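Here is a friendly walk through a structure, one topic at a time. Have the sequence and the 3D view at hand as you read.

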Amino acid sequence: MNKRRVNVPLRYIIFILVFVCVGLMVASVVSPSFANAVTGVGYRVLAPIQNTLNRAGNSLTSTFSEIGSMSSLREENAALSARVEELEEENRLLYQSLYELDSLRELYGLSEDYHQFEMVGARIIQRSNGNWYHEFVINKGSDDGIYLGSNVIADGALVGRVTYVGPNYSRVLSIIDDSSNVGGVSRENGSYCVVRGDLALYQEGHLRIDHIRGDAVIEDGDLIVTSNTSNVYFPGIAIGYASGVEMSANNLTQTGWLTPIADFSDLENVLVIVTPNTLDAISASGDGALEDPSTDPEAGMETSAETETAGEPEPAPDEGGED
Amino acid sequence: MDRPFIVKVITAALAILIGFLLQTCLCSTILRLYSIPNILLFVTVMYGLRYDRYAGLAVGAVCGLLTDIFSGTMLIGFYMLIYALLGIACGLLHRFLNEQEFALPVIMTVICDLVYGLYVYVFMFMLRGDFRFGLYLNRVIFPEALFTAIAAFILFWVMRAQFNAVSRYEKRRARKFG
């Protein structure tokens, strides 16, 4: 048995503890720079150890899985060769349309293509540490031009946004996290919606979409892309396919599911957009490229986030995902 | 500061670091388990049970701070509070502990993990208007408790060896200088 030190009554300990912890919480809400500083210290000390271990462990497991997957690889190779031929044919057709598109663009004086983002590739070096949140760490940071709020893409679709930037690492909040909200728009007819991460639904492979206007038509399989009403996400990035949209209980809006395109359980490498995301950049690159003005009067020429969300019947999607 | 105390602090720091790396690197990133066991909570419970409420408080606060930093919520103090409280609670049960038995530590780890899950659900989900408690219970809280129980059962023997080594050292020192 240890010799007893000063015996502080339990209720004082608990009182002080709650006081300190709540104080820390308030401090990190009031001044994000405080939370940033604490996080930065933690990362600087522990991230190098984690990276080394992860790299060693991953190379070990990949060696084992490579040996196991030989035969399935052969089958996959045959299927993929067939797919390549298919895609080559498709590509040829697309090139023809591209040529036509270029000439038509020239005709209209639209020189900007909304897809001209500057991107850097990054590798995931750390996954979520718990079961209540979905975020990961990538091995590129401010040295490579990544900034707070950079959009992250994989498999040609939105994965998340950067919530913390270090010199050579950054943390990404994925769109499947429960606190994430993304303003979306149906590519088919320009109906707006909000794509929400949902911890419970995600295990079935879905996200939630809601705040769809009651009279909007979103059918199963419609492609949802990021809307141009956001000042966090670039417009026109694919998110996933809608399904099961139906009237919600309030009889005003519709809700449904969204199956993301990016495979979150299997992410290894991601692309990060390093083009600065200012409203100017959006209006230069957006071109209202996706919306069909005939079905949605608000989705017209203006690209300022404020003016458009003001026209919506539902409150504007708060993109930040802050709670 | 006596030497045994410093030894205890260093071994506690090592236990936290190793638990943290096991949880974040091995279970999460390398093995990609279906549910990530809460090994930091296990370390907190073990220290609370083995020593006293001060040890539970200190180890819990550090473990909670680590979780705060690496959870990406940018809310320092949230996990720290629950880990430290659970550490204190385990410290109060110290006198029931038979140091060589795994039953109490494993059961306490599971109970604490359930309480921890309830705490996160209430403050992070229910207060935002998300009342699907059954869903979270089935999908997140129970799997995590199960995985944590398995991890606790495996790691208990490592922790026991560590505690025994430290107390042997203490006794040796007490004989020499006592």
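## Starting at an exposed leucine

A:L60 counts as exposed because it has 11 C-beta neighbours inside 10 Å; a residue is called exposed if 12 or fewer other C-beta atoms lie within 10 Å of its own, buried if 20 or more do, and partly exposed in between, with C-beta atoms placed from the backbone. A:L60 lies in helix α2 (residues 32-68) of chain A. Between the C-alpha atoms of A:L60 and A:P235, which are 175 residues apart along the chain, the separation is 40 Å.

## How to read the model

This is a predicted model, where local features need pLDDT of at least 70 and side-chain atom pairs count only at pLDDT 80 or more, while totals for chains, interfaces and linings use all residues. Residues are numbered from 1 along each chain as its sequence is written, and chains are lettered from A and ligands numbered from 1 in the order in which they are written.

## Chain A at a glance

Chain A holds six helices and 12 strands; these are DSSP runs numbered from the N terminus, helices being H or I with at least four residues and strands E with at least two. Of its 323 residues, 33% count as buried. Among the contacts in chain A with a separation of 6 or more, 61% come from residues 24 or more positions apart; a contact means that two C-beta atoms, placed from the backbone, lie within 7 Å.

Chain A is divided into domain 1 (10-67), domain 2 (69-108) and domain 3 (119-323), with bounds that come from an automatic or database domain assignment. Seven residues of domain 1 of chain A are in contact with five residues of domain 3 of chain A. On the domain 1 side of this contact there are two nonpolar, five polar and no charged residues. For these classes, Ala, Val, Leu, Ile, Met, Phe, Trp, Tyr, Cys and Pro count as nonpolar, Asp, Glu, Lys and Arg as charged, and the others, Gly among them, as polar.

Strand β9 (residues 223-226) meets strand β10 (residues 238-247) of chain A over three bridges, with A:L223 partnered by A:Y241. Six bridges link β10(A) to strand β11 (residues 253-260) of chain A, and A:S243 stands opposite A:W257. β10(A) and β11(A) form a hairpin with five residues between them, and A:N251 in the turn has a positive phi of about 65°. On β8 (residues 207-213) of chain A, which pairs with β11(A) over five bridges, A:I212 stands opposite A:Q254.

## A buried glycine

Where is A:G197 placed? It sits in the loop between β7 (192-196) and α4 (199-202) of chain A. A:G197 counts as buried because 23 C-beta neighbours lie inside 10 Å. Residues that A:G197 touches, beyond those up to four places away in sequence, include A:H134, A:D177, A:D178 and A:Y202. A:G197 and A:S174 are 23 residues apart in sequence and 8.4 Å apart in space, C-alpha to C-alpha.

## Core and chain contact

The largest nonpolar core has 104 residues, and those with the most contacts inside it are A:V195, B:M80 and B:L86; such a core is a set of buried Ala, Val, Leu, Ile, Met, Phe, Trp, Tyr and Cys residues joined through C-beta atoms within 7 Å. Helix α4 (residues 78-92) of chain B gives the most to this core, with 12 residues. Leaving aside residues up to four places away in sequence, A:V195 touches several others, among them A:I224, A:I239 and A:L258.

The contact between the chains takes 37 residues from chain B and 38 residues from chain A. On the chain B side, α1(B) gives the most, with eight residues. By class, that side has 23 nonpolar, 10 polar and four charged residues.

Definitions and conventions: Pairing = 2+ DSSP bridges.
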